[in-house]
Protein chains: 2
Amino acid sequence: MAADILIRNARPMGGDPVDLLIRDGRFAPPGGDRPARELDATGQIALPGLVEAHTHLDKTLIGMDWFENRVGPTRNHRILADRKAKRELGIDARRQSARQVLQTLSYGVLHIRSHVDVDTEIGIANIEGVLETREALRDIADIQIVAFPQSGMLPREGTLDLMDAAMRAGADIVGGIDPATIDRDPVRHLDAIFALADRHAKPIDIHLHELGELGAFCLELIVERTRALSLQGRVMVSHAYCLGMLEPARQQGLIETMAAERIAVMTVGSPAAPALPLRLMQQCGLTVASGSDGIQNTWEPWGNGDMLERAKYLAQRNGMTNDADLVETMRICTHGGAEGIGLAGYGLAEGDFGDLVLVPARTLAEAVALTPQKRTVIHRGRILVRDGTPAEDLPRIA
Amino acid sequence: MAADILIRNARPMGGDPVDLLIRDGRFAPPGGDRPARELDATGQIALPGLVEAHTHLDKTLIGMDWFENRVGPTRNHRILADRKAKRELGIDARRQSARQVLQTLSYGVLHIRSHVDVDTEIGIANIEGVLETREALRDIADIQIVAFPQSGMLPREGTLDLMDAAMRAGADIVGGIDPATIDRDPVRHLDAIFALADRHAKPIDIHLHELGELGAFCLELIVERTRALSLQGRVMVSHAYCLGMLEPARQQGLIETMAAERIAVMTVGSPAAPALPLRLMQQCGLTVASGSDGIQNTWEPWGNGDMLERAKYLAQRNGMTNDADLVETMRICTHGGAEGIGLAGYGLAEGDFGDLVLVPARTLAEAVALTPQKRTVIHRGRILVRDGTPAEDLPRIA
């Protein structure tokens, strides 16, 4: 536990300047002994730790040789290339996940939900690697691990057992993927992963790329199972492109149904995929989180994991340019993410964990639009990054 | 003219390392007296100067107070807000254009085509302001000025005369805007701007946001006039969203027709507008350029003007992740732009102007995907930016 610290003249969520006291790792009411440590945050906006609600820590190639991408255009091409790369490039899930966590820490990302591959070639080796990183970096970031059947589950016999093993090894969430187009049997796929989640009393997070009415049908199946197993607030659907492709009445009806079951949606705001109706989703009370998805891997060569930049991308994808809209997309990358992945004690209120990001900006909208880089990142009162420079005592990656 | 310089071990367009000699402001064959100045470019890829083929230098708010954007959602709302801001915020076109040019210089942008507003409120004041910047910065960047009727031309009487005055004052290109949806009379709008261009013997650059078949019809009108006035290679259509909205056969036919008349297309790759079929456009031999459009103005709060990052956006908007695709989008932001805006002596070959950008990257695709910031920028042999740091002798903005 870091010593107490008083952060002076910070502007929480762009509001008026206040002093923020972190005592015993949590925000505390002013007063009492003045802490020995102070930090001047004049001119800085304070945000709670940024939330990366969807990435693939085990796949990043950060710091490795350049991967020349010649992969074919379909999702199946990419899955095959991904599996080949795991075999041939020696992607060390422990090392690579740590590299990504430390890189995104510098942006203020303190909470990460990572899908981690489980398949019949690598078994649960990647889960074990990311579990090691979670343990090694537990003092500087929260990492949630989804046991993710990237290569399909039903068509590759033994995958479900490996997912069960992953959960026993310490994974936090049961993953799923395209019940129809990849697993070819939506009911059986969803029944299997909901049963696994029920058995381990764990949440669910399903990659759903399926389009139009097929995706909507799968969403309905997810809603039915969420209701039947009373998993309200424990299910996230990642991507859910179909929500951007339906007739207005159908779209709204489905969103309201999902909101009623407190199913969260994670959207990356990808420029090449259907745009989700962010305003409608928020009006309907649906929890919306966001993520970077893959960063510098065989799927996509780019990405830095900055969730403040992600807020900008969400706005751009939706043609939103008003300050009020940018504040909303910033909320998706902070509070929305926290709600979506189920964080406790999240925020800047007294009693919340003493985590924050200081961003040099005049308004929240400016922070989103210009994504200033010289941020200061504090976790449980400990300064991890100061004006963009990582602290000397951060862990090194072996 | 800067003294000669030998750039050692640079990798032109990601190829093998070579020494590049700039003599009398142009790339020269090796040999002769060794220049007094040398620059070690080991590990750096050499690109020709990045080309910003479409921006609005007179509108940026860089360095000004934060503009709280509460603008309504339509293009007309934005035009009104833009005109109001010009009145009320005191946007100094000379100062602001210089700020943007100097900012984007640090990314390696050496050639800029800027649309500059002409309207019945400000007259040609913005043209005069950007002309001053062009003159003040002539030793470090090429600036082309488009006389642009942002607020409409036919519906606002006197605008066409002001555009004529702008051309006489020194503007380089005749602009146009949405002949149907803004000017309400496509034939009369296009006839007027083509006549103006013909009279001044200048090229044309038309903002065409019009969608679907309406946009396609306007494109046909543009093609007809280009052919009739023998303006092949002198007409650019900016945005041309309609090209991304047509049935395949119609789409290809129109693109081939445009290519035959050597009409160039400028696309920003906006995530919220229809995606243009980049591969098809290039297969058909259409010249494709790109630009940042507005940077930090009342239209859009974001933007940095980095045309290497723009190459990434173009790829992302089109779902392109292969290295070969990234090389193509990089070409759009260099050679495509140069061809589109009609630059002479552009490139890294002997005899071309001695302009280049050194980017620390292993491959061209990496340069696009990760957009390294510590670039070195050279213009006619003069080092303007070294490893991301602007030279001491760059002009200051008063």
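A:Arg70 counts as exposed, because its relative accessibility is 66%. The terms are set by cut-offs: buried means under 20% relative accessible area, exposed over 50%, and partly exposed in between (1.4 Å probe, protein chains only). The model is predicted, so local features need pLDDT of at least 70 and side-chain atom pairs count only at pLDDT 80 or more, while totals for chains, interfaces and linings use all residues. Residues are numbered from 1 along each chain as its sequence is written, chains are lettered from A and ligands numbered from 1 in the order in which they are written, and side-chain values use heavy atoms, with hydrogens and water left out.

**Salt bridges**

A:Arg70 pairs with A:Glu68 in a salt bridge. A salt bridge is a side-chain nitrogen of Lys or Arg within 4 Å of a carboxyl oxygen of Asp or Glu. Side chains of opposite charge can pair when their charged atoms come close. A:Glu68 is partly exposed, with a relative accessible area of 44%.

Over all chains, the structure holds 58 salt bridges. Three of them are listed here.

| Pair | N to O distance |
|---|---|
| A:Arg70 and A:Glu68 | 3.2 Å |
| A:Asp142 and A:Arg380 | 3.7 Å |
| B:Glu121 and B:Arg87 | 2.8 Å |

A:Asp142 belongs to strand β8 (residues 142-148) of chain A, and A:Arg380 to the loop between β15 (376-379) and β16 (382-386), so this pair ties together parts that are 238 residues apart in sequence. Helices (H or I, at least four residues) and strands (E, at least two) are DSSP runs, numbered from the N terminus. A:Asp142 is partly exposed at 24% relative accessible area, whereas A:Arg380 counts as buried at 19%.

In chain B, the side chains of B:Glu121 and B:Arg87 meet in a salt bridge. B:Glu121 sits in the loop between β7 and α3 and B:Arg87 in helix α1 (residues 75-88), so the pair ties together parts that are 34 residues apart in sequence. B:Glu121 is partly exposed, at 39% relative accessibility. Back in chain A, a network of salt bridges links A:Lys59, A:Asp82, A:Lys86, A:Asp117 and A:Asp119.

Helix α2 (residues 93-105) of chain B has 13 residues, which should span 18 Å at 1.5 Å a residue, and its end C-alpha atoms are 18 Å apart. The expected span is 1.5 Å times one less than the number of residues. At the start of α2(B), a side-chain oxygen of B:Asp92 comes to within 2.9 Å of the backbone nitrogen of B:Arg94. Of the 13 residues of α2(B), 10 are buried, so the helix is largely enclosed by the rest of the structure. The elements that these buried residues pack against include β6 (50-55), β7 (109-117) and α3 (125-136) of chain B.

The 17 residues of helix α6 (residues 212-228) of chain B should span 24 Å, and its end C-alpha atoms are 25 Å apart, which agrees. Its buried residues include B:Gly212, B:Cys218, B:Leu219 and B:Arg225. Among the elements covering them are β10 (204-208) and α7 (248-260) of chain B. After α6(B) comes B:Ser230, with a positive phi near 50°.

Helix α10 (residues 323-341) of chain B has 19 residues and reaches 26 Å from its first C-alpha to its last, close to the 27 Å expected. At B:Ile332, α10(B) bends by about 45°. The bend is the angle between axes fitted to the seven residues ending at a residue and the seven starting there. In α10(B), 14 of the 19 residues are buried, so the helix is largely enclosed by the rest of the structure. B:Gly342 follows α10(B) and has a positive phi, near 75°.

**Where the chains meet**

In total, 34 residues of chain A are in contact with 34 residues of chain B; contact means heavy atoms within 4.5 Å. The two chains bury about 2,800 Å² between them, 55% of it on carbon and sulfur atoms. Buried area is the accessible area (1.4 Å probe) that two parts lose on being put together, summed over both. In chain A, the residues that lose the most area to chain B are A:Trp66, A:Trp302 and A:Thr321, together 28% of what that side buries.

Terms used:
A polar contact is a pair of N or O atoms within 3.5 Å; within protein, one must be able to donate a hydrogen and the other to accept it, and residues adjacent in sequence count only if both atoms are side-chain atoms.
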